[in-house]
Amino acid sequence: MIRKSARPGIRALSRKEFGDIVRERLYLFAFGVQLIMVVGIIYTALLYTSISSPVVGGDFIQSSVRVGIMGDFELRAEGIVAQKLPAGDPMEALTEGGLAAVLFVPPDYEETALRGGDLRFVLALDNTNVLSGYADAAVSNAITELSEELKRKRLAREVDPDAVLRPINVAEYGIGAKKQPLPMEFTELMYGLLIPFILLLPVFLSTNMMTDSIVGEKEKKTYEALIAAPMSKFEIIVGKAIPIVAVTMLQVIAWIILLELRGIEVYNFFSLLIMIALLDVVFVGLGIAISAFSDTIKDANAGVAVLILVASLAFFAPIASRGYPYAYSPVFMISKLASNPSLLGNLLLETYGALLVLGIAVVFLGARLLDWRENLRL
Amino acid sequence: MSLYAIAKKELLEILYDRKYVLGFTLQFLLLLAVVPAFSSYLSEEGFRLPAPTMRNFVPIGVVDHSEKSDVLIAALRENERLELFFFDSFPTRELEEGGIAAVVEIPPAYDERALLRLPVAVTIASSSIKGDSAKDAIERSIADASSRLGERRKAILQVDTKEIVVERRFLRPVVVEREGSRYSSFFLGYLIPIVLFFPIFTSSSLVVDALVGEKERKTIEMLLAAPARRSDIVSGKFIAIYGLITLQVLAWLAALRLEGIAIANLWAVFLLLAAVNLALTATAFVLATFSRTVKEASIALMLLYVAVFVFLITSLTMEFFNPQRFLEFSPFNSISRLALGETVSAPSYAISLVALGAYSVIAMWASSALMGRDDIIFGPRPELMSLLSDGMEDILARLHGRPILGGAAVAFVSGVVAIPLSLALEIASGVLLLYVFGYGEFAIIAMILIFALIEESLKPIALYALQARRHWLGDARTAALFGSMAGLSFFILENAFVVLLLLFSFPSLIFRILTLRTGSTLLLHLITSGIVGVGISRGRFHYFLALATSIHAAYNLTLLMAFL
């Protein structure tokens, strides 16, 4: 299929195409904008998770969360300043006082609890204040503790309260030294969503580069000259695809370096690169297929836009589905590879295999389609 | 050929393109399918939005030495964040290598059927990035199992406890009731505005094809040969495309209505949306007109829409989590509030409409002016600076014989052009610096220096344009004068901006801040820009720029020290 004498052809073509891509000022500009976007995303995530907790954000922002208490209730939590208020409407107190939350506690609640009566507290939250979530969590924790205490008192007259309230007794240990930790919400957001997104941006861009490459030749009428060269159609496509995948991987490496620079560790570097490269082959193949049906770059771009939209929905939309198919999702694997120093379970090789097969199939199919459409035109 | 005829021809051309119609129908169907799914997903009060990849995020090991731990194991399995791996003995190696972030050990003595306390040991790898998440998720599952076991035991022991019920009330309605249906305000105020902006994002290919596509296919020459004014050609295309976008928005609003999603203040929302689309389409036109190839135009428009989208998301996020009064001026936020049924102050609505309209008129004028140039249509494309120079020469020619006015006009244009450019560059460089160096002294000082450089280079931008055409900046005094005027123009516009911002966040401080700024930075701008002006005239631009930058930076640094 690939004749030995024709291989220098692929190499030469690849080199030429690579030069074309790198010299294209627009791609460089697009890369620059992507850079700013990536930096912006990371920074916003960091900032957002910082400002929503006064404890975490303490380095950046001096803030403490003020919570009003109506009634006899002790609230002691880190970053919270409790303010006693006279009894009244909690919502009104909220709007007047610049408070993140106001808790209303009915009088004599302890007696009511011991009698076995119903207890209802009212928590008014200023949800236009980003710190109110923190206040909510702190107050809820305090209420849970109080609730437990009351239940304990009630039960103590008849049974061992722990047997009913805390049946499971947990002993916690830690091993290993604690490094400078990133906030939990940030870690989950970053590795769960943002890192796969950032690493997939170059892959999406590469589909566009492939269609530009093929359809661009069609438009500039250099396509016929290219076909006349002593290379098979398939070799031409491979020659075009190699530099595109190479450029994509360079971008991915750049983003990983950017993340590491900010102290966000990305694990399994090589496995990750292989995974993304295989995925990229699939997307490049789809780009070839789209090129087959596009006469102009405008059509090609429309096709790529639809592809990217569908892919984004498939990869990132919060559809509730458990189980097997999701475990093979490449985005899922990217998240796992990037966030776990070592990987248990053997789905890695299977995913590689599946992607490899899929990639080759799509590229082949794309080349066939390209052929078929040309024969139709001629 | 009248404007009407041109617009009609353009419209028909687009509609006859099967691919456009196909694309439109596809999007429409997508909308009809996806939006209701999201609507029902978000219709509860408190929702979490997990990405699918957050499922099974934390790998943990479970060592179960007892056979009677069904409730606990079930609780662990049900926790979506956990991925469980079962081991026969304590998996020290996996824990150290980082394959798992924690281990839950259930000793043989654990028996859920007994009524004793049940021991469980949890070991967390503190050095793992997922350590905190593991601790949190495991604690939740254990609490869950505890409460289930507790209920069981209460039934056996025949005792009862009551929970404290917490009734939550939110200042800003989290759930909106309208016409009998309940929606999360997040859905109506956040997702719906995003959905409504889709037509504009998908229209870029239309704009590109209409302007640059014709240029590349050479069909534009035929069009120009027709008896129509060039400005009419541009306007005709604009009317056709904008008309289609507006129809698309109407179709989407109708579709949402049919789905039973009740958007309040429908006409007010539509009007503001139409104004935003007007401004965006006009901007797209300018960019497309200036582009040489379809590829260039596509990328430029893609970048424009990405920037708009980011701005849209950011301002809506701020609206929901930390609203400030000045956000009223962002049309996106106004659209969001109106859609929710909240009110927006009449002045801010009017200002948005007027500002967007004025901007659109200016952008369309620019687009027509560009199309009027033969070098834009046939090539070679002029440099931006060259365009600026032409513009300056034009102004001066019109004000021939009134050099003071001419100079003032040039200086004014300088400020107007410099402000958005310097803002964009400052934001980009600021973000990069903060990212690489973190929020600290070094970053702040670097930002002061770089911002000073950016501003000083850009303030006299119109003067470079003039100097390139060898105009009258020969005399050092005149040059200094015009430099200073450029600086003055920049200062005035910058402060106008600040005043507007202050007007709606801290109105009481306006007078004080304005006096402070006038008293100090005015003098600074006059001096530094004057210096740069002299530098331009002398041809020894770099040294003078360095001097001006140093003065500007030194000034800001001194202020910073004093402030601290």
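**A serine and a pocket**

A: Ser414(B) lies in helix α17 of chain B, residues 403-437; helices are DSSP runs of H or I with at least four residues, numbered from the N terminus. The model is predicted: local features need pLDDT of at least 70, side-chain atom pairs count only at pLDDT 80 or more, and totals for chains, interfaces and linings use all residues. Residues are numbered from 1 along each chain as its sequence is written, chains are lettered from A and ligands numbered from 1 in the order written, and side-chain values use heavy atoms, without hydrogens or water.

Q: Is Ser414(B) buried or exposed?

A: Ser414(B) counts as buried because its relative accessibility is 1%, where buried means under 20% relative accessible area (1.4 Å probe, protein chains only).

Q: Which residues does Ser414(B) touch?

A: Leaving aside residues up to four places away in sequence, Ser414(B) touches Lys459(B), Pro460(B), Ile461(B), Ala462(B) and Ala486(B); contact means heavy atoms within 4.5 Å. With Ala462(B), the side chain of Ser414(B) reaches the backbone nitrogen at 3.1 Å.

Q: And chain B overall: how many of its residues count as buried?

A: Of its 564 residues, 48% are buried. Chain B has 22 helices and seven strands, strands being DSSP runs of E with at least two residues.

Q: Changing topic, what lines the second largest pocket?

A: Its lining comprises eight nonpolar, seven polar and 16 charged residues, the charged class being Asp, Glu, Lys and Arg. The largest contribution comes from α7(A), with seven residues.

Methods:
Buried < 20%, exposed > 50% of the residue type's maximum accessible area, 1.4 Å probe, protein only. Polar contact = N/O pair within 3.5 Å; in protein donor to acceptor, adjacent residues only side chain to side chain.
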